[in-house]
Amino acid sequence: MNIKETLFELSNAVSIGNITEASDIAYKKLSKHVKAIQNGITVVGKIESDSNHTLMLEAHIDEVGFVVTDIDANGFLTVKNCGGIDLRSLPARTVTVHGKEKVTGVFCATPPHLGGPKEYDDISALKIDTLLGEKAKEVISIGDFVTFNTKAADLCGSRIVGKSLDNRAGVVCLLELAERLCDKKLPFNIVFAFTDQEELGCRGAQTASFDISPDEAIVIDVSFADAPDVPSNDCGKLGGGAMIGMSPVLDRGISKKLVSVAKGNNLSYQTEVMGGKTGTNGDVISISKSGVKTGLVSIPLRNMHSDVEIIDVKDIKNVCDLLEKHILGGNA
């Protein structure tokens, strides 16, 4: 599988609410290698072994976005955010409104000559201009979803920029692993789970892990990468390899095994230490049913929850290598 091409395809697609574009792509690609099912946005596939032990590999496939709450007579939309959004980044951003047909809109930006820029603390004060005027209500309805429409693009070296790399980067990692592992004799069962509504409170992983009932789980997500305005102790290094999670809510044994595998195979890695919750699906998977031993591996990402997220493809490959070595070494 060409990791970058697949990541571009998934980044440019949409999966939010009832829109399953990215999920449809992931389901088709996963089904080439394992038996898979799709339920709305969530996709689950499994590789069987001779063991009764099951390891779940999870990555959320949903993305942040918006939902239309009002349409005025001039075609300007009011929206609420679906997931965490930095309001400072929205003025002058283009978006796609998923109405009866796709409509390109733009968040209004008041020119500095007329009193802008402004600081916004309420998203309802930001309007989306559809340019449709009074015809907007013929195409767009209250409750329609709105997403960023930036197309993924190459940057220097192996780095790329795009929307929803949180967490399509993790999805691509698991698709690559499914291809690598599908023909190998495995020491335990592997379940691949691409779950919905992580951005709305880790809802999809909570129900999926209850249904799958794994013995262990490893969550693949993204985390903060270094940037000029980010303290070095609060982030990982872009291009620095897998970020192995260390937290009281994660299983210490899994974290130590992942570090050992990285060291033993000369794989670049970095640790991400958290004092409590991880802010990922690992938080809810670890307390599913009577509890699931859970680990976390993250891919460094800049500009999280924006339409200009940046990742290094080398980090995705590094995470794939780490998890492949971990699994084939019987570490569960």
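**Sheets and rings in a predicted model**

Reader: In β18, which residue is the bridge partner of Ile220?
Author: Val297 is the bridge partner of Ile220 in β18. Strands here are DSSP runs of E, at least two residues; helices are runs of H or I, at least four; both are numbered from the N terminus.

Reader: Before we go on, what sort of model is this?
Author: A predicted one: local features need pLDDT of at least 70, side-chain atom pairs count only at pLDDT 80 or more, and totals for chains, interfaces and linings use all residues. Residues are numbered from 1 along each chain as its sequence is written, and side-chain values use heavy atoms, with hydrogens and water left out.

Reader: Back to β15 and β18. Parallel or antiparallel?
Author: Parallel, over 9 bridges, between β15 (residues 216-224) and β18 (residues 293-301). Two strands pair if DSSP finds at least two bridges between them.

Reader: What's the strand order in the open sheet of 8 strands?
Author: β3-β4-β14-β5-β15-β18-β16-β17, with mixed pairing. The edge strands are β3 (35-39) and β17 (269-273), each pairing on one side only. The twist averages 25° from one strand to the next.

Reader: Which strands does helix α2 touch?
Author: Helix α2 (residues 21-31) packs on β3, β4 (42-47) and β14 (189-195). Contact means heavy atoms within 4.5 Å. The direction of α2 makes about 165° with that of β3. Axes are lines fitted to C-alpha atoms, for helices over the stretch in contact, and angles run from 0 to 180 degrees between N-to-C directions.

Reader: And α6, what does that lie across?
Author: Helix α6 (residues 252-264) lies across β15, β16 (242-246), β17 and β18, at about 150° to β16.

Reader: New topic. How many aromatic pairs?
Author: 2. Rings of Phe, Tyr and Trp (its six-membered ring) pair if their centres lie within 6.5 Å; planes under 30 degrees apart are stacked, over 60 edge-to-face, the rest tilted. Phe66 and Phe107 have ring centres 5.3 Å apart and planes at 65°, so that pair is edge-to-face.

Reader: How does Phe66 pair with Phe148?
Author: Edge-to-face, 5.6 Å centre to centre, 85° between the planes. Phe66 is in β6 and Phe148 in β11 (residues 145-148), so the pair ties together parts 82 residues apart in sequence.

Reader: Phe66 and Phe148: buried or exposed?
Author: Both are buried. That means under 20% relative accessible area; exposed is over 50%, partly exposed in between (1.4 Å probe, protein chains only). Ring pairs link Phe66, Phe107 and Phe148 into a cluster.
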